[in-house]
Amino acid sequence: MSADGRPVFLNVLQIRMPVMAVLSVLHRISGIILLLLIPPLLYWLQLSVSSQVGFQSAFNWFNGISGQVILFLLLWVLLHHLFSGVRFLLIDIDQGVDKQSARLSAWLVLLLAPCSSLLLMWLL
Amino acid sequence: MSRKASGLKAWIIQRITSLLVAAGVLLFALKLLASPPEGVMQWRAWLSMSGITVLVLLVLFALLWHAWIGMRDVFIDYVHAQSWRLTLLSLLAVYLAACALWGLFIMLGVFVQG
C-alpha cells in the first residue's frame, strides 16, 4: 500500500510485459553492460597498438570456441543496443508510433541483433 | 536554455552522441571488413592519420558522454536515497573521466609516434 492507501503492484516478474516493454528493459541492460565494457575496449586498443606481438594478440583475442562465443555475445549486446536505439530515434520523429508498428519493429530489432551478429562474425 | 529545460538538453545530447557513436561503430566495422590491417605498423599508420585520430577521440568522448546521460537516468530511476545517488554519480564521473584520459593518451601515443 502506498502512503495514501492506494494499492501498489510492482512485481515485475508477475506483470505481463508486451514485447516493446521487454525491448526497453533490454535496451537499458545492454547499455549498462556496454558501459562496463569500455575499459576492456580501451585495453584492447592499447594492446593492438603496443607492438606486433600485441597487435597479433589483440586480433587473435577471440580465436577458439569460447572466444567466438564471447565475441558473439559482445556483438549481440552492442547491436541490440544500437538497433533498439535506432528504433527509439525513429519513434522520436514519429515513425512507427502506433501499436502495430511498434510491436513489429520491436520483434524486428529483437531478432535482427543476434542475426546480424552471426553475419558479422561470418564476414570477419 | 533555462534550468527547467535541462532535461531537454540531456535528451538532445543523448541523440547527437548516439549518432556519433553509431557512425564510429559503422566506420570501425567497415574498416575491418574492407581493409583489415595486416600488422601493427599498418594499424598504427591508419590510426595516426589526423582525421582518424580526431574521429576516434570524438567517438570515444561522445560514447562517454552518452554513457553518463544514460547511466544518470538509470540512477535517477532506481536510486532514491540522495546520498547513494550522489555517491554513485560521483564514482561514475571518475570512471568516465579516467576512461577519457586513458583513451586520449593511447591515441596521443599513436599520433605522435605514427
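Author: The lining of the second largest pocket has seven nonpolar residues, four polar and one charged. Nonpolar here means Ala, Val, Leu, Ile, Met, Phe, Trp, Tyr, Cys and Pro; charged means Asp, Glu, Lys and Arg; the others, Gly among them, are polar. This is a predicted model: local features need pLDDT of at least 70, side-chain atom pairs count only at pLDDT 80 or more, and totals for chains, interfaces and linings use all residues. Residues are numbered from 1 along each chain as its sequence is written, chains are lettered from A in the order in which they are written, and side-chain values use heavy atoms, with hydrogens and water left out.

Reader: Ok, which residues line the second largest pocket?

Author: Among them are F83(A), R87(A), I91(A), Q95(A), S101(A), L108(A) and L112(A).

Reader: And which helices supply at least two residues each of that lining?

Author: α4 (64–92) and α5 (99–123) of chain A. Helices are DSSP runs of H or I, at least four residues, numbered from the N terminus.

Reader: Switching topic: how many residues of chain A are in contact with chain B?

Author: 25 residues of chain A, and they touch 35 residues of chain B, with contact meaning heavy atoms within 4.5 Å.

Reader: What's the area buried between chain A and chain B?

Author: About 2,500 Å², with 78% of that from carbon and sulfur atoms. That's the accessible area (1.4 Å probe) the two parts lose on being put together, summed over both. R28(A), L42(A) and V49(A) supply 25% of what chain A buries against chain B, more than any other three residues.

Reader: How many salt bridges between the chains?

Author: Two between chain A and chain B, counting a side-chain nitrogen of Lys or Arg within 4 Å of a carboxyl oxygen of Asp or Glu. In one salt bridge, D92(A) meets R15(B) at 2.7 Å, N to O.

Reader: Which helix gives the most to chain A's side?

Author: α2(A), with nine residues on the side that touches chain B. By class, that side of chain A has 18 nonpolar, five polar and two charged residues.

Notes
On a 1 Å grid over the protein atoms alone, a cavity is a set of points where a 1.4 Å probe fits but cannot get out, and a pocket is an open set with protein on both sides within 12 Å along at least five of seven lines; lining residues have an atom within 4 Å of a point.
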